[in-house]
Amino acid sequence: MDKPKLKLAVYWGAACGGCCVSVLDVHEALFTVLEHADLVFWPIALDIKYKDVEAMPDGHIDLTLFNGAVRNSENEHIAKLLRKKSKILVAYGSCAHMGGIPGLANLTIKAKIFKRAYFESESTINPDNVLPQTHYKVTEGELELPKFYNDVRPLDQVVDVDYYLPGCPPQTERLVEVFLAIVTGAQLPPKGSVIGVKEKSLCEECERKKTENKLIKKFNRPWQIQDDGETCFLEQGVICMGPATRSGCGWRCIKGNAPCRGCYGPTSEAKDPGAKMMSAIGTMIDAKEPEEINQIIEQIEDPAGTFYRFSLPGSMLRRKICKNT
Amino acid sequence: MEEKRIGVYICWCGTNISLMVDVETVAKEMAKLPNVVISKDYKYVCSDPGQDIIIKDIKEHNLNRIVVASCSPRMHELTFRKTLVKAGLNPYYFEMANIREQDSWVHTDRVEATKKAKALIAAAINRVSFHEALDSRSVEINPATFIIGGGISGLSAALEIADSGKKVFLIERSGRMGGHVADFDLTFPYMYSAQQMITPLIQRVKSHQNIELFLNSEIKEIFGYIGNFESTIHSKDGKETAVKFGNVIIATGLKTFDPSNIENYGYGKLPDVITSFEFEKMLLNGIIKTKDGKEPKNIAIIHCVGSRNKNYHEYCSRTCCMTALKYANQIRCELPKANIFDIYADMRSFGKGCEEFYTLSSRRNIKFLMFDQENDLPKIVSANSGDNCDMLIEINEKLTGKTIEVPADMVILMVGMEARENAKEIAHAVGISMCGNSFYIERHPKLDPVATTTNGVYIAGGCQAPKEIPDSVAQAKAAAARILATIAKGSVEVEVTTACVNEDFCCGCQTCIKVCPYTAISFDAEKKVSVVNEVLCKGCGTCGSGCPTGAIKCKHFTDMQILSQIEGIMKISHLELQEA
C-alpha cells in the first residue's frame, strides 16, 4: 500500500511574499514534493479558506511552514489555528524566526506608523483623516479588518514553534533537504532546533582573506570602497554581519560582493546577534581617545537597522521604548 | 538535568546588615522562590557555627547550590567556597549576594534597602541554578628563576634564591653589576659606604654556583606561563642562549631626570651647575672642585628637580631630600668653611633615622631656604665680577616672603627619578602593565606589592617606583620568598574561571586574539579556530564579549548565568511594582 501523502501547509503572516516564492523556487522538484505531499493550505497559490482550515481536525496537517512575522490579529489568529492543526510547525524565514525586516517597525509605535502612512506620506491623499477601523458599518452589513498591533513579534512569541528555518528567504535547497528528511522519516532534530543551517558563523565558509588585524579608522558603506573582491569586508571598513551570522546560505551575498546582512540570525550560542556584532565591532575601532572613538562610531549609518536588521523583535531588546506621541 | 536544591543564608553581620535590612522578612520571602529548599538568617554566617549550619543543611536536605547574602565576595567568597568543599560540594556551586557594601552600608531607608536586598538575593538564587562545577588545576613549577637587572634589587633577589639551592639566570644590559648603588659614595642616614655594601654582593653573585650571569645581554620576549617560561638571551657579542625558567623578577631599575629642559637652572650652559649624580662621582673620587679646578666657597643644593611639578613629573622621587642632606653633611666635612645653601620645597625626611638625620644636619651651619617647586623655580645666573662668586641664585624665599640672591660657585641639582626609556619594551616582553609614569604596576598596591597581574612575574626595586635601598632590597627579597614558596610547593594553582573556545562554533574571525590583554589566545591555522591557553587566561571576559559567534564561553560568567542574574533582579522589582 502506498504511504499516505503528507499534508503540507504554507502561510504568510507579515511578510513580503519572498518566502512563498522561495517555496516555488523548488522548480521541477515541486513535482517530487507533490508526489509525497498534498498542499492543504497555501494562500498565495491555492484558494483554500480559513474556514476550511478551521474545519480540519487538530493535528491534521503534518507540516506547516509559517513565514512572516506576527503584526496583526489575523496573523495571530492563523498562527494559533495552524499550531493547533499542525503536527510540525516551522518558523520559515527571517520574519517568523526573529521578526525580520517588518520587525524594524518596533523602533517606533503604531500611532507614529499610522500618522506616517495615512497622513504624511507623499503619496497619501486623505482629506477626511480616515484611519483604519477594526469594525465599520456599511449598508450591506459590518466590515471587519484585523487589528494592527503596536509590536511586531516573531512566531515563537505567539505560539510554540517546533523548528526554525531562517533566511530572507531561506535557501530553497535547504527547504528541499528539510522536506525530504521529513518525507523519508529521518531522525528529526530536537524540538526548538534551527534547521537548514550550519553551526558556525559565515566567516568559517567565506573565502575572503582574513587576518586578526581588523582595525577600522573609518566605516564605509559598500559603494564607498573599491572592493578588491578578495579582502574581508570588515578589513575594508564595511560592516559585514558575517561573524555574528549563522552559515547555511552558502555566503551568497558575499560571493556577489555584498556584505552579509545577517538574515540567517545568530549561532545557537549567541543570544543577541546585534549586541554580539556591536561588541565585535568595538574591538575593531582603531582609536584610543574617547573623542576619536565617538567620531568613528558616528560614521555608522543606521546602527539599529544595521545590527538588528532581521532580529530586533526576537533579540533581547525586542523594541525601542517610545513616548506615545 | 539534576534538580536544583538551593540553600539561602542571610547574614545579619551583627548589626551591620540587620539594622538597615529586615533580614527575617527577607529570609521568609526568599524561601518562596523556586528551587529554594531552605532559607535562613543568622547573626554571623561566616563564623564557625554559621558555616556548620550550612554544612549540616547540605547533608540533611541534599542541597546542591548555596547562596549566602552577606558582605562583599572579596571578603568571604573563599571562606564559603571552602565550606562547600567541607560538605562535599563543588566550591563553584556557590554564589554570594553582597547586601552589606552594596546595600546596608550605603543606604539610609530601611524599606528601600530591604527591597534591594531581596532583588540582589533573588538574582543570586537565579544565577546559582546555572552554576557549573569547576575543577581546580595546577601546573608544575620549573625551579629556575630569571632575573632581569643586576642592580641592588636583582643581586639581592638572585642571592636569596641561589643560596637556597635553586638556579638563577641573571641578566644585565650593561657590562657591570651594581646599578646606581655602585656609583654611590656614602648612603644616608647612617653614612655607610655603598661600595662596601655592593662589592661583596657582586663578588658573591659572580662566584655563585647557582647563578648563571649574562652581562651585556638583553631579551626580546618571554614566552609561556607561570612555572614554564622560556626565552632567548641575546648577548652583545652575538651569542644567543635559550633558557627555561618558572618565575621572573623584573628589577630593571630607573634612570635620572635630565634637567637640561629646565631653563631657570641653566644646566648644560653654566659649567658649575651639576646633577646630584655628577656630584656623587666627585665625592667618590674625594675631590670637590669647580670646572676650573677651584675649591667652591659657596655651594647650593636645589631639591625637587624634575619632581613634584606638572611640567616634569608630578610624583615625589622619594630619595632626593635625604641625599641632599647627605651631600650637605659630606660637604661640611670636606669643606668646613664653605657656605652651604639647601634650597628645598619641603623636607621629606620620613623613614628610619631620617628625621634625626635632618635634625643633626640643621645644627651644622647649613642654610635652609624654601621655594615653591610648582610655580616659582629659583633662577640661576652668572655673577658679575664684583659679586665675589661665580653664580647668583634668585629665589623667592617662602619662609621670609622675600626675594633674595644666594651666591654660588657650585649648584647641585637633586634630579628626580624616572622610568627607563625601554620600560615599555620590557613590559611588553614579559606581559605586565605600566602606570601613567611608565613604572610597573603591582598586583595590589597594599596587599600584593611585588607580584604583577601576570602570574609568575614579580617586580622589585626602582622599576616599580622610586625608592631607597632598603625598600628595594625588601621588595627583592619578598619577590624571592614568593618564588621560593611556589618552587617549594612544586606546583601552583591557576585560575579556573577562564575562557574557553567551543570549536564547533568558532568561525576563526580572530576578533578575540587582539583583545586579549594577556596574550592567552592564539590561532590554530590547521583547525581554523582560536585556542585559549588556560594557564595564561585570567578570566577577564574581554574575548567572550568580543566573540561575535558566542563560541567563547567564560567559565563562571556564562551568558545564562549573567542573564538569569539580571532577570532575578527584574523579577523582584516587577513583584514590587505589582504590589504597589
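Let me begin with a definition: a helix axis here is a line fitted to C-alpha atoms over the stretch in contact, and angles run from 0 to 180 degrees between N-to-C directions. The model I am presenting is a predicted one.

With that in hand, consider two helices of chain B. Helix 6, residues 152-163, packs with helix 12, residues 469-489, at an angle of about 35 degrees, and their axes are 8 Å apart. The crossing of helix 6 of chain B past helix 12 of chain B is right-handed. On the helix 6 side, the residues that meet helix 12 include B:I152, B:A157 and B:I161; their counterparts in helix 12 include B:I469, B:V473, B:A480 and B:L484. By class, this contact of helix 6 with helix 12 in chain B comprises 10 nonpolar, four polar and two charged residues.

I turn now to helix 7 of chain B, residues 194-207. Its 14 residues reach 20 Å from first C-alpha to last, close to the 20 Å expected at 1.5 Å a residue. Which residues of helix 7 of chain B are buried? They are B:A194, B:I198, B:L201 and B:V205. Because these cover an arc of only 65 degrees around the axis, they lie on the same side of helix 7 of chain B. The partners they pack against are helix 6 and strands 7, 8, 9 and 10 of chain B. The face turned away from that buried side carries exposed residues, B:Q196, B:P200, B:Q203, B:K206 and B:S207.

Finally, the chain contact. In chain B, 20 residues are in contact with 21 residues of chain A. Helix 13 of chain B gives the most to the side of chain B that touches chain A, with four residues.

Terms used: Residues are numbered from 1 along each chain as its sequence is written. Chains are lettered from A and ligands numbered from 1 in the order in which they are written. This is a predicted model: local features need pLDDT of at least 70, side-chain atom pairs count only at pLDDT 80 or more; totals for chains, interfaces and linings use all residues. Two residues are in contact if their C-beta atoms, placed from the backbone, lie within 7 Å. A crossing is left-handed if the near helix is turned anticlockwise from the far one by less than a right angle, and right-handed if clockwise. Ala, Val, Leu, Ile, Met, Phe, Trp, Tyr, Cys and Pro count as nonpolar, Asp, Glu, Lys and Arg as charged, and the others, Gly among them, as polar. The expected span of a helix is 1.5 Å times one less than its number of residues. A residue is buried if 20 or more other C-beta atoms lie within 10 Å of its own, exposed if 12 or fewer, and partly exposed in between; C-beta atoms are placed from the backbone. The arc is that of the directions from the helix axis to the C-beta atoms.
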